Amino acid sequence: MREELMNAIAAADRLNVRLGGQPLSEEQLGNLRMWAAGIFRVVVIGEIKKGKSSFINALLGARELVPTSSEVATSTMYKIHYTAEKKYRVFFRPESGKTPLNIVEADLPLFGTERGNPGNEKQVAFIEVGVPSPLLKAGVVIFDTPGLGGLLAEHRRVTYECLPKADAVFFVCDAVESAIGKLETEYLQDVRRFTEHIVTVQTKSCAVDRSAREARRKNNLRILAECLGKAADQIPYFTVDSSLRFEAEEYRDQDDLAASGYPALLAFMQKELLPRKREILRRRIIAALTPLMQRINESLAARQTMLDADSGEKIAQLRKETEAKQQELTEWNTVQRVEMMQHLRTELSTLRNEAVDLCDANKPNGELHQKCNAMVNAAADINEVRRIMEQMQVSLPDAASGCMQEISKRLTASANEILARMSITETQFPPGHRAASPTTVAISTTPMADAAQSMGAMKNNFDDLRTKVYGGLAGMTIASLAGGIIGSVVPVIGSVVGSWLGMAVAGIWGGVEAASFKKTQELRIAKQQALHAITQQIAALHTEMTKQVHRVIQKIQEQVERTLSDFAREREQSLKTEVQRLSERGKLQQKELEERRRELGADRREWQAICRVLGEPAPQATNK
Ligand SMILES: Nc1nc2c(ncn2[C@@H]2O[C@H](COP(=O)(O)OP(=O)(O)OP(=O)(O)O)[C@@H](O)[C@H]2O)c(=O)[nH]1
Ligand SMILES: [Mg+2]
C-alpha cells in the first residue's frame, strides 16, 4: 500500500510536469513521502515550563528521555521515534558543516538545553531520539519543542518551523500558573492552519487541589472553545500529572496511576486518534496535491476539447469562444471586480460601525462605566469599596470579553454572508433576497445582489468562481475573525484590565492605610481612587476593543482583494494557454492528430489509475 501510494504521487508529479506544470518541491515531496509511509507526526507545543518534556517522558514511560528542568530546558527540537534500543543522535545546521553525532544520554544537556548550549552556539538543528516505546512502534513520531513565549525568539522560530509537519498537536498548559492566554490562543490559530487535530493536556494536576484543577479546566475549555470555534465538549482535553505517573509505577499503585490521567490519555490515543491515522494522512496527501490535481484535470479536459474539434470552423469557433472568455475576464477584472470591492468596502464599513457601536457600551462614560461608578458611589463603607473593586477585577474583563465575543459572532455571520453573496449566482441568490438571520440587519442587500447578478451573467464562463472564491474566503473569514478577535483580543483585554486593576486596588489600600484620615475622608478618598482606576481601565479596554475591530475588518478586505486578484491572474494564464493550443490545433495533420489522441488516452488512463490509488474520483473522458 505504502509503495503504491508513493508511486502514485511520483506518477502524478511526472504527469503534471509533462502537461506543462511545475514539479513538486523537495519539501513537498518530503512531506508526501512521510504521509505515504504512514508516519504520523505529533508535535508537542506550549508555553515555557508548562511540562511539555515531562509529559512526553510520562507518555512514553521513560524518565528523562528528553531533558526537563525548572529552568528553561528545551532549546532545540527533539524528534522521538521507535528504535529497538534507546539512542540519541545530534543533527547540526547545514551551514555548520558538521556531520551528525551519536551521543549518550548524559551528554544530552550539552546539546539540547539552554544551559548546556546557550543561544545554540553549537548550531544544533535537532536531536533524534530513539526509544523502544510500543506507542511509537506503529509509526508515530513525537516532536518536543522549545517553549513558546520565552525570551528567546529563536525558540519560537524552532517551534514554528516544526508546525507544518504536524499531523496532530498536543497543546500543553498547566493547572498552576495562569489560564490559557493571548499568546497561546494566537499560536493555536497558527496551528490550525496545519492541523485540526489538537489535543489539550493540562499538566501538574496534583500541584493544586481538585476544585482549582476543575475550575482551570472549565475556564480553559471556554477559552479554547472560543478560539477554535468548537463546542467545549468537542475538544479533547486531558488533565494529567507526569510526576504522579512515575510514582504510581514505582509503588505499583493503580489508583494513583489512574489519577495521573495517563491511562485515559493513552486510551484516547489508541482508540480514537491513532485508528484515524491512515485517513488523516490520506487527507493530508490529497490536500497537498489538490492544486496539482486540479491542474491535471483542467489540462486533460482542455486537450480533449481541442482534439474533439474536427473541422476548421470548429477550431475557429473554439478560438472565438476562448477569446470572448478572455474579453469577459478583462471586463470582469476592470469593471465588476472593482465594483464588487467598492460594495464590499461599503458593507464592511457598515459592519465596522455596528461593531464600534457595540464597543461603545464599554466606552468611558458609557453604560458599563456608569454602572460601575454607581456601584462605587453607593458603597456605605471602605470595605464595601474594596469588595466592589475586587469583584470588578473579574467582572470588567468578563464584560469586555463578552462584548467582544458578541461582536465576533455578529461579524463572522455577517461577513460570511456578504462574502457568500459575492460569489453566489443570480439563480441561487435572487436580488433583494434577505436572509432571516438577525445578524444581517445592518447589511444593505441591493449592491451585493447587483454584484451577484453580474456574476450570474458570467456563470458559464466562471463556473469555478464560486468554489474558488467562496472556498478561499470562507476559510479566511473564520480564521481571521475567530482568530483575530476571539483568539487574541479577549485574553489581551483580560490580562490588561486584570493586572491594571489589581495594581490600582493595591494603590487604594496602600494610600488609605498610609493616610490617617477620619473614616468619612477615607471613604471619600477610596471612592475617588476607585473611580479614577475604573475610568482608566475602561478607557484602555475601549481603545483596545475598537483597535481590534478595525484590524479585523481591514484584514477581511485585504484578503478578499487578494483572493479576487489571484483568481483573475490564474484564470488569465489558463485562457492564454488555451488560445495558444487552439492555434497549434489548426495546423495539425491527420496523422499527428491520431497520435495526440492516443497520447491523451494514455495520459487519461494513467491519471485514472493514479486517482484510484489516491482514493479520489478522476473525471471521465467525454468519448466523442
Ligand atoms: N508536579 C508536577 N511537576 C511537573 C509536571 N510536569 C512538569 N513538572 C515540572 O515542571 C518543570 C518544567 O517541566 P518541563 O517538562 O521541563 O517543562 P517544559 O514545558 O518542557 O519546559 P521548556 O522546554 O523549558 O519550555 C519541571 O521542574 C518539572 O518537574 C507535572 O505533571 N507535575
Ligand atoms: Mg521542554
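Two residues count as in contact if their C-beta atoms, placed from the backbone, lie within 7 Å.

**View 1. The whole chain and its contacts.** This is a predicted model, in which local features need pLDDT of at least 70 and side-chain atom pairs count only at pLDDT 80 or more, while totals for chains, interfaces and linings use all residues. Residues are numbered from 1 along each chain as its sequence is written, and chains are lettered from A and ligands numbered from 1 in the order in which they are written. Of the contacts between residues at least 6 apart in sequence, 80% join residues at least 24 apart. The chain holds 18 helices and 9 strands (DSSP runs numbered from the N terminus: H or I of at least four residues for helices, E of at least two for strands). Of its 624 residues, 34% are buried (20 or more other C-beta atoms within 10 Å of a residue's own; exposed means 12 or fewer, and partly exposed is in between).

**View 2. Strand β1 and its two faces.**

**View 3. The neighbours of β1.** Strands pair if DSSP finds at least two bridges between them. β1 runs parallel to β6 (residues 140–144) over 5 bridges, where R41 has V141 as its bridge partner. Parallel pairing over 5 bridges also links β1 with β7 (residues 168–174); look for I45 opposite F171.

**View 4. Helix α3 and the residue after it.** G61 follows α3 with a positive phi, near 65 degrees.
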